[in-house]
Amino acid sequence: MNPIVVIGSGLAGFNTVKEFRKLDKETPVVVLTADDGRNYSKPMLSTGFTKEKSADDLAMASPEQVAEQFNVTVRTGVHVAGIDTDRRRVLLPDDHLDYSALVLALGADTWTPPLDGDAVGEVFSVNDLMDYGRFRQALEGNKSVTILGGGLIGCEFANDLSNGGFQVSLVEPLGRCLPMLLPEAASAAVGRGLESLGVTFHFGPLAKAVHHNRNGQGLVTELSDGTHLESDVVLSAIGLRPRIDLAKDAGLRTNRGILTDRTLRTSAPDVYALGDCAEVEGHVLPYVLPLMAGARALAKTLAGEATPVSYGVMPVTIKTPACPVVVCPPPEELEGEWDVQADGNDVQALFRDQEGALRGYALTGEAVKEKLKLNKELPALMP
Ligand code: FAD
């Protein structure tokens, strides 16, 4: 019997394996991964200085340990080059592997807009444990970091690196912290929290170029308003895009992510997708809670009982202890208004639709305590 093949050893891939093995101990499973296959929790990458954790500290298990624990084969450093859905075959650089079912848990790619300058190759992004190890190494003996992007990842790193004693400058063209997730008053609270740690903001301009500085011992980030920011290290935290190319090239239907129905089934027979790479009935949710729900449902489907995934209320906790944030973004394109009450850095912003029903919230500071109460009032995202 051909194995179930899982591409990806992130939280989506390994949690699917873990949940599947609770239901089926025997069916052969092969995990293929382009990275080193260590099991880790990605959200921990942006709290590493606060918790004083190296990349090795964050690795919860080696690929060999995962293989033994779940009775699966884990092949590391393997970049899947293609999928032949007619022959039910995964194409590897020098080989192929036939599957009975295929799970795409490919994650998302970091995206940085084109930058000029002779030091562009030294701009870091941190999207997996291996990146994190290299980033920590680059920071050794250094003092300052420029962060490009003030979204979830940029703000979390700004807080964490400040806690680690680094001087942080953050560049955000949209003019405030977490501009895609929070209304203005909540963004301002996060900004003040991070400023209290010493973070300096450059709101408005774009990063244009990254050069080596004159003495060759640091970097200069050139902004569109003419500012030159000196720092030892530059971290790009601008954006993530679902990895869809492999699926698209194989003829699977894609949009922002790999399109699936509620059973996480793609447009090809016995091919499923979940996690950051997937668009599940229109939802692209690059967070842990949705992928855990997906892994539980998909495990049942793979074990023979087709099971749709349900998404309840999906709050996101942003790890900026200088100003705690919990946000439950309203559904995209839903018409409505934010009702904001602010007391210093304690902001409660409630998003109500045109009928007055609560459809999302953003809480900062002490107001995060309202989370459980509000979760009860919110409708499930995909019941
Ligand atoms: P990934 O972990 O990216 O795994 C993708 C896997 O696919 C990798 O193993 C990769 O090697 C493999 N792969 C891709 N292409 C190929 C190929 N062609 N061949 C072989 N292998 C391939 N979410 C929260 O809910 N809360 C948080 O606090 C939070 N904090 C975060 C902090 C940071 C710094 C980051 C970056 C993200 C954070 N997130 C958070 C988001 C969350 O971590 C992700 O949603 C989740 O980890 C995605 O898991 P995944 O398995 O889908 O993708």
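## Basis

This is a predicted model, in which local features need pLDDT of at least 70 and side-chain atom pairs count only at pLDDT 80 or more, while totals for chains, interfaces and linings use all residues. Residues are numbered from 1 along each chain as its sequence is written, and side-chain values use heavy atoms, with hydrogens and water left out.

## Ligand surroundings

Of the 31 residues around the ligand (a heavy atom within 4 Å), those that come nearest are Lys42, Val80, Asp276, Val288 and Lys319. Among the polar contacts (N or O atoms within 3.5 Å), a ligand oxygen atom is 2.7 Å from a side-chain N or O atom of Asp276, and a ligand nitrogen atom is 2.8 Å from a polar backbone atom of Val80. The protein covers 93% of the 1,000 Å² of accessible area that the ligand has on its own (Shrake-Rupley method, 1.4 Å probe).

## Aromatic rings

The structure holds 5 aromatic pairs (ring centres within 6.5 Å, the six-membered ring being used for Trp). One of them joins Trp338 and Phe351 at 5.3 Å centre to centre, with 75 degrees between the planes, and is edge-to-face (over 60 degrees). Trp338 is partly exposed, with a relative accessible area of 29%, whereas Phe351 is buried at 6% (buried means under 20%, exposed over 50%, partly exposed in between, with a 1.4 Å probe and protein chains only). Separately, Phe124, Phe135 and Phe157 form one aromatic cluster.

Notes
Polar contact = N/O pair within 3.5 Å; in protein donor to acceptor, adjacent residues only side chain to side chain. Phe/Tyr/Trp six-rings, centres within 6.5 Å; stacked < 30°, edge-to-face > 60°.
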